[in-house]
Amino acid sequence: MALFAATTDGECVAPLNALKRQQKYLKRVQRSVSRKVKGSNNRRKAIERLGRVHAQIAAQRSDWLHKQTTRWANEHPVIAIEDLKVAAMSASAKGTATEPGKRVRQKAGLNRAILDQAWGEARRQLDYKTAARGGAVVPVDPAYTSQRCSACGHTAKDNRPTQARFECEACGHSENADLNAAKNILAAGHAVWVARPEACGAEVRRAGPERGRRAAARKQEPAEGSAAQAIGSVGIPAL
Ligand SMILES: [Zn+2]
């Protein structure tokens, strides 16, 4: 099953499940519209009902996403995530030749599109929610994050015997594949975060309102040595 996110906190977030139920209901309402006589009062009522269902689904999806991103931003003002644009490019280059059947491929494509769309929105929310807390989203190139061992760094395709499992050929480190990938994303994001110019005593601009904000950013910065724990990582496993 596709995950919405896996984090270094060991959290595996499934996509909004309620959606499946609602989509069945949505289809029923859509069918009822198409069965009604055009121009009739009943058809107008059915169309109104369809609009309400659409709005309800959108509201629930939005509510769910906001809850996730607010919680993440509260727990980790600095969040490393896979850079979706890069991921999408490498995925399309690879193609989907290994998918068993056309139907499956189309379905995976649709699920992927929904997930990607939700992730685009999650990213937008995380950007402003972390910024409001003095942090940031640190995008990371997802290349090899699922093949690299988070314990020793050995990178090989065979490290991942199954979709779910990571087993390092070199050191024997074994764990959930998504969690291993999330740890790699965190490590890469952490490297970017501590290397940014503001992190090493660059002069803080004295421009009015920004000053307080930067002070807050410094205040929330973790003390040396504990920096890694302060960065949460949210990764998207391959579908
Ligand atoms: Zn290893």
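Trainee: What makes Leu186 count as buried?

Mentor: Leu186 has 27 C-beta neighbours inside 10 Å. The cut-off for buried is 20 or more. So Leu186 counts as buried. Leu186 sits in helix H5.

Trainee: Why is Leu115 called partly exposed?

Mentor: Count the other C-beta atoms within 10 Å: Leu115 has 18. Buried needs 20 or more, and exposed needs 12 or fewer. Leu115 therefore falls in between and is partly exposed. Leu115 belongs to helix H4. Its C-alpha atom is separated by 9.8 Å from that of Ala5, 110 residues apart along the chain.

Trainee: And why is Tyr144 called partly exposed?

Mentor: Tyr144 has 13 C-beta neighbours inside 10 Å. Exposed would need 12 or fewer. So Tyr144 counts as partly exposed. Look at its backbone too: phi is positive, about 65 degrees, although Tyr144 is not a glycine. Tyr144 lies in the loop between E4 and strand E5 (165–167).

Trainee: What makes E4 mostly covered?

Mentor: Four of the five residues of E4 are buried. E4 also has a partner, E3.

Trainee: How do you know that E3 and E4 pair?

Mentor: Pairing needs at least two bridges. Five bridges join E3 to E4. So the two strands pair, and they run parallel. Within the pair, Ala80 stands opposite Val138 in E4.

Trainee: Which residues touch the most other members of the largest nonpolar core?

Mentor: Ile79, Ala80, Val138 and Ile185, out of 24 residues in that core. Six elements each supply at least two core residues: strand E1 (5–7), helix H2 (41–75), strand E3 (78–82), helix H4 (102–132), strand E4 (136–140) and helix H5 (177–195). H5 gives the largest share, eight residues.

Trainee: How do you know that the length of H2 agrees with a helix?

Mentor: H2 has 35 residues. At 1.5 Å a residue, H2 should span 51 Å. Its end C-alpha atoms are 51 Å apart, so the two values agree.

Trainee: Which residues of H2 are buried?

Mentor: Gln68, Thr69, Trp72 and Ala73. Keep the helix geometry in mind. With 3.6 residues a turn, residues three or four places apart point the same way.

Trainee: How many helices and strands does the protein chain have?

Mentor: Seven helices and seven strands. Along the sequence, the pattern is β-β-α-α-β-α-α-β-β-β-α-α-α-β. Buried residues make up 23% of the 239 residues. Of the contacts between residues at least 6 apart in sequence, 68% join residues at least 24 apart.

Trainee: Where does pLDDT stay under 50?

Mentor: Over residues 93–104, with four contacts beyond four places in sequence. Also over residues 202–230, with 19 such contacts. For the protein chain, mean pLDDT is 76, and 68% of the residues reach 70 or more.

Trainee: Why should predicted coordinates not be read in detail in some places?

Mentor: Because pLDDT is low there.

Notes
Residues are numbered from 1 along each chain as its sequence is written. This is a predicted model: local features need pLDDT of at least 70, side-chain atom pairs count only at pLDDT 80 or more; totals for chains, interfaces and linings use all residues. A nonpolar core is a set of buried Ala, Val, Leu, Ile, Met, Phe, Trp, Tyr and Cys residues joined through C-beta atoms within 7 Å. Two residues are in contact if their C-beta atoms, placed from the backbone, lie within 7 Å. pLDDT is the predictor's confidence in each residue, from 0 to 100. The expected span of a helix is 1.5 Å times one less than its number of residues.
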